[in-house]
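Dear colleague,

Please find below the structure that I am handing over to you. My notes on its side chains follow directly after it.

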Amino acid sequence: MNYKSIILLLLLTLFTSLFSQKTNSKIDSLESKLSNAVGVDKAIILNQLSYAYITVSPNKALEYAENAKTSAIRAINVTQEAEAYLNMGLICTQKQEYDKALVHLKNALNAFSKDKNKQRLAVTQNEIGKIHLKLADYSASINHFNTSKKLFDALKNDTAIANACNNIGIAYKEIGNSDSASVYFQEALAIYIKDNNQKGEAYTLNNIGSLYWKKREYEKALQYYLEALEIRKNLNDSKDIARSLNNIGVVYKDMSDYENALKYHLESLKIKKIIDTKEEIAHSLNNIGSVYWKLNNYSNALDYYQQALDIRLLLNNKSDIANSYDNIGNVYKMLKSFDESLEYYDKAMTIRREIGNLNIYANSLNNIGSIYLAKYEFDKALKFYFKALEIRNEIGNEDDIANSLNNIGLIFKDLNNAEKSLDYFRKAADLYKKNDDKNALAYIYTNIGSIYWNNKDFAKALSYYKEALNLRNKIGDNSLIAASLVNLGIVLKDIGEYTDALDYYHKANDIYNAIGDRLGKAWILNYYGNLYRDKKEFFTALDYYSKSLSEFEAIKNNNGIAQISKNIGEAYIMTKQYPSAYPYFEKAIIIATEFNDRDLLKNLYFLYSEALEKAGNSSKALLFYKQYSAAKDSLLNTETMKRFAEIQINYILDKKQDEIDKLSAEKELQIMREQNSKIVFASIAAFLILVSAALYLIIRLKLKNNKLLEAKNKELEQLLHNLQTSEVQLINANRTKDKFMSIIAHDLKSPISTFVGITKILVAKKKDLPEEKKEQLIQNMNISAVKIYNLLENLLNWSYSHINGFRFNPENIALDVIIKDEIELMENTAQTKDIIIRFSVPDDCMVYADKNMIHTVIRNLVSNAIKFTDNCGTITVLAEPISELVIVSVKDSGIGMNEDEISELYKQMNKSEISENAQNKGTGLGLILCKEFVEKKIKVKLR
């Protein structure tokens with residue numbers, strides 16, 4: 001630090017001390033005068049004390065303001081009464097009690113209006129505008145700021161006019177109307193330059209810089225911020241110097257120049273600590289945390305965010321506390337600690353709901369939705385995203401509306417519903433184009449490109465990625481430019497254009513090196529490795545993977561370490577260096593388990609199993625193959641959840657449409673009622689002229705409208721019935737999903753695992769096994785295969801009947817042929833238990849029935865009989881024609897059931913519930929299918 005900086009810091013410290021002493025001295029002087037004051041004088045001193053205490057002790061300030069109001073009312077002095085209300089409004093604003101503040105300020109407006117004090121009316125209008133700005137009610141804020149400006153215009157108060165222009169510009173900036181914002185900022189700037197008001201000039205330059213920052217035009221933003229900083233340095237305004245340094249740091253962060261970002265933020269923090277402005281200190285700590293968050297240094301980010309939160313909790317600044325909770329939630333989200341992230345997001349949302357700022361409340365809803373999306377709870381994610389969209393539609397900020405549309409598009413992208421996803425992305429893109437938000441539009445084009453890439457439509461993917469790159473080149477955000485270059489390289493690699501792909505990778509790598517982005521550099525080295533792996537140049541790929549791993553280890557990025565370790569292990573398999581792959585797979589498995597990355601775990605288990613098998617370690621390979629199988633089942637469950645989530649989401653969308661239709665119907669009814677009223681009034685007017693004709697018209701119209709109302713009521717009832725039906729269908733779909741998961745997890749998995757295990761044994765030891773053992777294993781394979789086939793067929797039949805409803809297709813069929821076919825199919829299974837199957841069916845026994853259903857019923861009954869019959873038992877299948885019916889019975893020599901067991905089985909079958917049998921580990925699905933397939937045509941008895 002040079003001697004000039006030291007002198008400046010000493011002067012700042014001295015100034016802060018003198019200011020504090022001056023404030024305390026003023027308060028002491030006023031309090032000494034208060035003891036002797038009466039009437040209006042007392043009210044004046046109380047108001048002065050209230051204003052002096054606002055920044056020192058808001059509660060004390062509020063107490064003085066309330067006493068001032070009481071004294072003013074007693075003295076019948078409207079001016080001091082209005083001042084008291086104004087002070088109370090300012091205090092409640094500082095305490096972020098905005099509803100109370102608005103009440104007090106409106107009371108002040110009324111009082112100042114009576115007093116005809118235009119100056120104070122203008123000030124009060126301005127303060128009301130600021131509150132609406134904080135509450136994201138931008139239309140109201142602009143109205144109040146404009147009213148304030150007109151009053152100041154009449155008073156010819158240039159400074160106040162310029163201040164009002166700045167406030168109007170800020171409001172327009174927030175709703176994305178940059179043209180209007182620019183007009184008002186330029187008007188303010190012209191006034192300040194004319195009046196040689198350098199403080200105001202610097203403030204306005206800062207606002208213009210923030211406008212360009214919001215538009216992602218970072219070079220222009222820097223230009224205005226640096227100009228403002230130079231003026232503030234000339235004025236020796238330490239507080240504003242620190243703010244300018246902070247703004248410059250934010251721009252550098254968004255330009256991915258993290259070194260400069262930290263430099264400016266730390267310099268800003270140093271000044272703020274000297275002047276001891278705790279609120280500003282917390283702001284700088286928060287910004288430094290954001291730079292570390294961008295650098296994926298989550299430990300440091302969390303540390304700075306927590307420091308900022310601790311200060312904000314002491315200050316009880318609700319809005320800032322909510323922002324800190326949000327930031328901490330962001331860190332936990334990146335660490336995939338979703339429960340912790342949700343906890344902090346929920347805290348932020350609760351505070352924002354209390355404050356009443358709909359804009360940031362919608363942001364919280366959006367954040368919570370993103371967590372449910374990460375957890376594959378798509379219906380919950382959609383619920384929060386739709387709520388955020390609803391609020392943003394009310395506010396009217398098109399950029400935020402587009403963000404919500406993008407989020408909903410991401411849900412459908414994750415559900416592999418390209419059509420709906422593209423629909424939402426394109427709606428968002430239209431809004432971004434309208435508002436010339438290049439950064440957001442580039443992001444949308446990237447999302448659209450990724451959909452086409454996933455669907456192997458590489459030409460369209462390249463087209464959208466190039467559009468994104470063009471936009472990002474115009475903005476100048478190097479980090480995002482590099483990301484677009486990488487996307488283009490990946491697509492070109494996938495279509496075999498390796499030279500062009502390398503060219504894009506080289507350009508991205510140059511950018512990452514230039515801006516010092518080690519995370520980006522680590523990933524680009526991985527992409528080089530992937531390219532050479534696809535070219536089958538495995539040793540070159542290994543070299544790049546090793547460099548990539550070193551970078552990830554240096555920045556302690558566990559996600560990258562796990563991914564690259566997997567790639568290195570896979571490359572060692574391709575080069576047949578199997579033992580070399582083991583430590584990399586083991587390292588990656590530990591990290592993937594810690595972060596619950598199920599997809600990565602599945603791939604790791606499979607690759608490790610493959611490496612062990614090829615190295616000759618079959619027993620250990622089988623162990624990891626089983627873990628792979630379990631992980632695959634888990635992911636299958638996730639995929640199934642996605643499918644059912646899509647059903648639920650479609651239900652939600654349909655429900656919303658029904659609600660819209662219902663509202664439209666209600667609106668129609670309201671219009672009709674209004675029309676009725678007009679007709680009645682017209683009839684009364686006509687009554688004086690033609691009584692009989694008017695009565696006739698009234699009665700006729702009333703009857704007609706009653707019929708219309710009845711029709712509309714029936715429509716509404718039908719809508720309600722449809723909603724209830726949809727709800728029942730959704731509940732049934734959910735139950736179906738749960739039942740599927742249970743069966744897949746237990747009944748289907750077991751025989752498949754057995755089947756796979758036997759095949760592995762046969763493959764591994766086919767030369768060593770005796771023929772007798774081989775025959776036994778083959779029989780066991782056959783049993784497992786039959787079980788799998790039967791259960792799978794039952795599952796498909798049952799699910800199809802529940803999802804699509806029964807389709808009964810009867811025809812004339814020979815019953816003896818069906819029964820013979822099914823018994824032959826079961827013969828091998830029966831022989832393993834030495835069970836004899838007899839059947840007696842007349843040769844010419846024809847029945848009129850659904851062939852597939854009869855096959856299913858016979859197969860399940862015979863299979864069930866084999867299952868519950870002891871070794872060396874017998875099963876008899878009989879078909880007896882009686883009158884116009886044929887009674888088919890399946891009897892076995894098993895243990896049978898008592899009356900209670902039969903009763904319990906009937907209950908389960910009547911509910912169509914699938915449950916585990918305690919003794920035999922069955923689902924009961926077969927009997928339920930039998931019952932459902934025949935109950936509409938045949939009487940069923942169980943014994």
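Tyrosine 325 and tyrosine 344 are both buried, where buried means under 20% relative accessible area, exposed means over 50%, and partly exposed means in between (1.4 Å probe, protein chains only). This is a predicted model, in which local features need pLDDT of at least 70 and side-chain atom pairs count only at pLDDT 80 or more, while totals for chains, interfaces and linings use all residues. Residues are numbered from 1 along each chain as its sequence is written, and side-chain values use heavy atoms, with hydrogens and water left out.

**Aromatic rings**

The structure contains 24 aromatic pairs. Rings of Phe, Tyr and Trp (its six-membered ring) pair if their centres lie within 6.5 Å; planes under 30 degrees apart count as stacked, over 60 as edge-to-face and the rest as tilted. One of these pairs is formed by tyrosine 325 and tyrosine 344, which are tilted, with 5.9 Å from centre to centre and 45° between the planes. Tyrosine 325 belongs to helix α16 (residues 318-334) and tyrosine 344 to helix α17 (residues 338-355), so this pair ties together parts that are 19 residues apart in sequence. Helices (H or I, at least four residues) and strands (E, at least two) are DSSP runs, numbered from the N terminus.

Why is the pair of tyrosine 372 and phenylalanine 384 stacked? The ring centres are 5.7 Å apart and the planes stand at 20°, so the pair counts as stacked. Tyrosine 372 is in helix α18 (residues 358-374) and phenylalanine 384 in helix α19 (residues 378-395), so the pair links parts that are 12 residues apart in sequence. Tyrosine 372 is buried at 13% relative accessibility, and phenylalanine 384 is buried at 17%.

One aromatic cluster is made up of Tyr505, Trp523, Tyr527, Tyr528, Tyr532, Tyr544 and Phe552.

**Salt bridges**

Side chains of opposite charge can pair when their charged atoms come close. A search of the whole structure finds 36 salt bridges, each being a side-chain nitrogen of Lys or Arg within 4 Å of a carboxyl oxygen of Asp or Glu. Aspartate 158 and lysine 194 form one of them, with their closest N and O atoms 2.9 Å apart. Aspartate 158 lies in helix α8 (residues 158-174) and lysine 194 in helix α9 (residues 178-194), so the pair ties together parts that are 36 residues apart in sequence. Aspartate 158 is partly exposed, at 25%, whereas lysine 194 is exposed, at 57%. Lysine 194 also meets aspartate 195 in a salt bridge (3.1 Å, N to O); aspartate 195 is partly exposed, at 35%.

Lysine 507 forms a salt bridge with aspartate 503, the closest N and O atoms being 3.6 Å apart. Lysine 507 and aspartate 503 are 4 residues apart in helix α25 (residues 498-515), and therefore about one helical turn separates them. Both are partly exposed, lysine 507 at 42% and aspartate 503 at 36%. Salt bridges that share partners also join Lys199, Arg232, Asp237, Asp240, Arg243, Lys272 and Glu280 into one network.

Yours sincerely
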